[in-house]
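I opened a notebook for this structure and wrote down each thing as I looked it up. The entries follow in that order.

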Amino acid sequence: MTATPTLSALIVARNEAERLPDCLASVAFADEVVVVLDRTTDASAAIARAAGARVIEGAWELEGERRNAGIAACSSDWVLEVDADERVSPPLAAAVRRVIAVSGHAWHQVPVDNYVGARLVRHGWAGSFGTTSVPRLFRKGAKRWRAQRVHPGLDWVGKEGPKITEGALIHLVDRDISDMLRRLDKYSSAKAADLIAQGNIGSMPDNLRRFVSRVWKSYVSRKGYREGGWGVLLALCTGAFPLLAYLKARLEPERHGGVKRD
């Protein structure tokens, strides 16, 4: 008889003691829970161990590197990646178990419900500022993150399977508008450092065009207009992200790992 495939839940976090308990509770259905803590100084490690998770502590400058360290630490046949600000809904947990029991593919997209505060925002997520599905369920060895600071690229081995459609990954994206703007500032700074490290920060005309195309994609193509003012905010942040990253790399390179220009 074929053995039932096993599942590791992987959580990568930094100083998330407040949100970690609910996240851990939502992945208790997995055979193994691995928590990677990056330069963490709060009670996250104790919370994770008390929940029965295996804890890996360290310091990684690049997001891709710390996520790869977490994947390497997982011992199951399949891995489900979950961030500390996310929760696996019971219907999604059941769907994941069903999928890995029969799947002949290497990875599957997982649906995401995004919340700003208590509001579920369904439309307008686009680009690097948010998404309604993520490739988080995969066979061990099928996925590798690239060495980048923010939203690193992915390299895959094997073929994608059908998207899971039951349940959702509940993503508590931002607490409020101010939190959304702080995230934009943080992400664009990390992206500026990546651009400088790559040696190609782009150009003003290209990034202005990207601003317009991303705003259009978010507000029109992804139907952000159905969210009222929230759709306007999402469109502006989605368009501003690459433009801000370029401007930070161009105008303040010394703040992001580069050399100040004359």
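Leaving aside its neighbours within four places in sequence, which residues is Val96 in contact with? I listed Leu7, Phe29, Leu137 and Ile164, where contact means heavy atoms within 4.5 Å.

Before going on I noted the ground rules. I am working with a predicted model, in which local features need pLDDT of at least 70 and side-chain atom pairs count only at pLDDT 80 or more, while totals for chains, interfaces and linings use all residues. Residues are numbered from 1 along each chain as its sequence is written, and side-chain values use heavy atoms, with hydrogens and water left out.

**Entry: Val96**

I placed Val96 in helix H4, residues 90-102. Helices (H or I, at least four residues) and strands (E, at least two) are DSSP runs, numbered from the N terminus. Val96 has 0% relative accessibility and so counts as buried. Buried means under 20% relative accessible area, exposed over 50%, and partly exposed in between, with a 1.4 Å probe and protein chains only. I also checked Val96 against Arg66: they are 30 residues apart in sequence and 24 Å apart in space, C-alpha to C-alpha.

**Entry: the whole chain**

I counted 7 helices and 11 strands in the chain. The C-alpha atoms fill a box of roughly 65 × 40 × 35 Å along the principal axes. For 262 residues, a compact globule would have a radius of gyration near 18 Å, and the 19 Å of the chain agrees with that. The radius is taken over C-alpha atoms, and the globule rule is 2.2 Å times the number of residues to the power 0.38.

Of the 262 residues, 48% count as buried. The chain exposes about 12,700 Å², of which carbon and sulfur atoms supply 53%; accessible areas come from the Shrake-Rupley method with a 1.4 Å probe, and for residues only the protein chains shown count as cover. Among contacts between residues at least 6 apart in sequence, 75% join residues at least 24 apart.

**Entry: strand E2**

Is strand E2 buried or exposed? I found that 7 of its 7 residues, 32-38, are buried, so E2 is largely enclosed by the rest of the structure. In a regular strand the side chains alternate between the two faces of the sheet.

Next I looked up the partners of E2. Strand E1, residues 7-13, runs parallel to E2 and is joined to it by 6 bridges, with Ala9 opposite Val33. Strand E3, residues 54-58, also pairs with E2 in the parallel sense, over 5 bridges, and Ile56 in E3 is the bridge partner of Val36. Two strands pair if DSSP finds at least two bridges between them.

I then followed the connections. E1, helix H1 (residues 20-26) and E2 make a right-handed β-α-β unit. E2, helix H2 (residues 44-50) and E3 make a right-handed β-α-β unit as well. A crossover is right-handed if, with the strands pointing away from the viewer, the path from the first strand over the helix to the second runs clockwise.

**Entry: Glu32**

Glu32 is found in E2 and is buried, with a relative accessible area of 15%. Leaving aside neighbours within four places in sequence, I found Glu32 in contact with residues including Leu7, Ala9, Arg54 and Cys74.

**Entry: helix H3**

I found H3, residues 63-73, mostly covered, with 8 of its 11 residues buried. Among them are Arg66, Arg67, Asn68 and Ile71. The cover over the buried residues of H3 includes E1, E2, E3 and strand E4 (78-83).

**Entry: cysteines**

How many disulfides does a search of the whole structure find? I got 0, with a disulfide taken as a pair of cysteine sulfur atoms within 2.5 Å. The closest cysteine sulfur to that of Cys74 is in Cys23, 13 Å away, which is too far for a bond. Cys74 counts as buried at 3% relative accessibility.

**Entry: positive phi**

Most residues other than glycine have a negative phi. I noted Asn15, with phi near 50°, in the loop between E1 and H1. Asn15 counts as partly exposed at 33% relative accessibility. I also noted Lys223, with a positive phi of about 60°, in the loop between helix H6 (204-221) and helix H7 (229-251). At 38% relative accessibility, Lys223 counts as partly exposed.
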